[in-house]
Amino acid sequence: LTVYEALAAGIPAVASARSGAAEKVRDGETGLVIEPEIGALAQAFRRLADDATARRMGAAAHAGYWAAPLDRARHAERLLEVYGTMLARSGTGRAS
C-alpha cells in the first residue's frame, strides 16, 4: 500500500523485486525495483538523491497513478480489506 501512496504523491518508489509491490513500479520510470539487499537499497537511494532523476520519476509516478482510475478503485478496496482484517484481528471490531 505504501507504493500506491508514493505513486499518488509523485514520489518515486523503491520496491523489492521479490515483492508484489514490484508489479506497480515501472523500474527506472516511476521508481526502482531492486534485489532485497542492503547494497542495492543504498545504490537506489543514491540514484534518487539526484534531484533531476527523482523529479522525472516522481512526475511519471504521479501521472501514471492518476491516469488509472481502476487502480485507484482497487487501491481503495484493498485499504478497506486491510483495515477490516486488522479490526477483526484486534478482537474489538472497532479502531482503538
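Arg 26 is partly exposed, at 39% relative accessible area, where partly exposed covers the range between buried (under 20% relative accessible area) and exposed (over 50%), with a 1.4 Å probe and protein chains only. Its partner is Glu 29: the two form a salt bridge, with the closest N and O atoms 3.1 Å apart. A salt bridge here is a side-chain nitrogen of Lys or Arg within 4 Å of a carboxyl oxygen of Asp or Glu. Glu 29 is partly exposed too, at 37%. The model behind these values is predicted, so local features need pLDDT of at least 70 and side-chain atom pairs count only at pLDDT 80 or more, while totals for chains, interfaces and linings use all residues. Residues are numbered from 1 along each chain as its sequence is written, and side-chain values use heavy atoms, with hydrogens and water left out.

By the salt-bridge rule the count comes to two. The other pair is Glu 35 with Arg 18, whose closest N and O atoms are 3.4 Å apart. This pair links distant parts of the chain, 17 residues apart: Glu 35 sits in the loop between β2 (31–34) and α2 (38–48), and Arg 18 in the loop between β1 and β2. Glu 35 counts as partly exposed at 37% relative accessibility, whereas Arg 18 counts as exposed at 67%.

As for the overall layout, the protein chain has four helices and two strands, in the order α-β-β-α-α-α from the N terminus on. Helices (H or I, at least four residues) and strands (E, at least two) are DSSP runs, numbered from the N terminus. Buried residues make up 27% of the 96 residues. The accessible surface comes to about 6,300 Å², with 57% of it belonging to carbon and sulfur atoms; areas come from the Shrake-Rupley method with a 1.4 Å probe, and for residues only the protein chains shown count as cover. Among contacts (heavy atoms within 4.5 Å) between residues at least 6 apart in sequence, 42% join residues at least 24 apart.

The two strands, β1 and β2, run parallel and pair over four bridges; pairing takes at least two DSSP bridges between the strands. Val 14 has Leu 32 in β2 as its bridge partner. On β1, Ala 13 and Ala 15 form the covered face, while Val 14 and Ser 16 form the uncovered one.

A polar atom of the Asp 27 side chain lies 2.8 Å from the backbone nitrogen of Val 33. With neighbours within four places in sequence set aside, Asp 27 is in contact with Leu 32 and Val 33. Asp 27 and Ala 17 are ten residues apart in sequence, and their C-alpha atoms are 9.9 Å apart in space.

On the nonpolar side, the largest core has ten residues: Val 3, Tyr 4, Ala 6, Leu 7, Ala 8, Ala 13, Ala 15, Val 25, Ala 61 and Tyr 65. A nonpolar core is a set of buried Ala, Val, Leu, Ile, Met, Phe, Trp, Tyr and Cys residues joined through side-chain atoms within 4.5 Å. Two or more residues come from each of α1 (2–9), β1 (13–16) and α3 (51–66), and α1 gives the most, with five. Apart from this core lies another, of six residues, including Leu 32, Ile 34, Ala 44 and Leu 48. In soluble globular proteins, nonpolar side chains tend to be buried together.

Tyr 4 and His 62 are 58 residues apart in sequence but 9.8 Å apart in space, C-alpha to C-alpha. Ala 6 touches Ile 11 and Ala 13, not counting residues up to four places away in sequence. Just after α1, Gly 10 takes a positive phi of about 80 degrees.

Finally, helix α3 contains Thr 53, which is buried at 13%. Its side chain makes a polar contact with the side chain of Asp 50, at 2.6 Å. A polar contact is a pair of N or O atoms within 3.5 Å; within protein, one must be able to donate a hydrogen and the other to accept it, and residues adjacent in sequence count only if both atoms are side-chain atoms. Leaving aside neighbours within four places in sequence, Thr 53 is in contact with Arg 47 and Leu 48.
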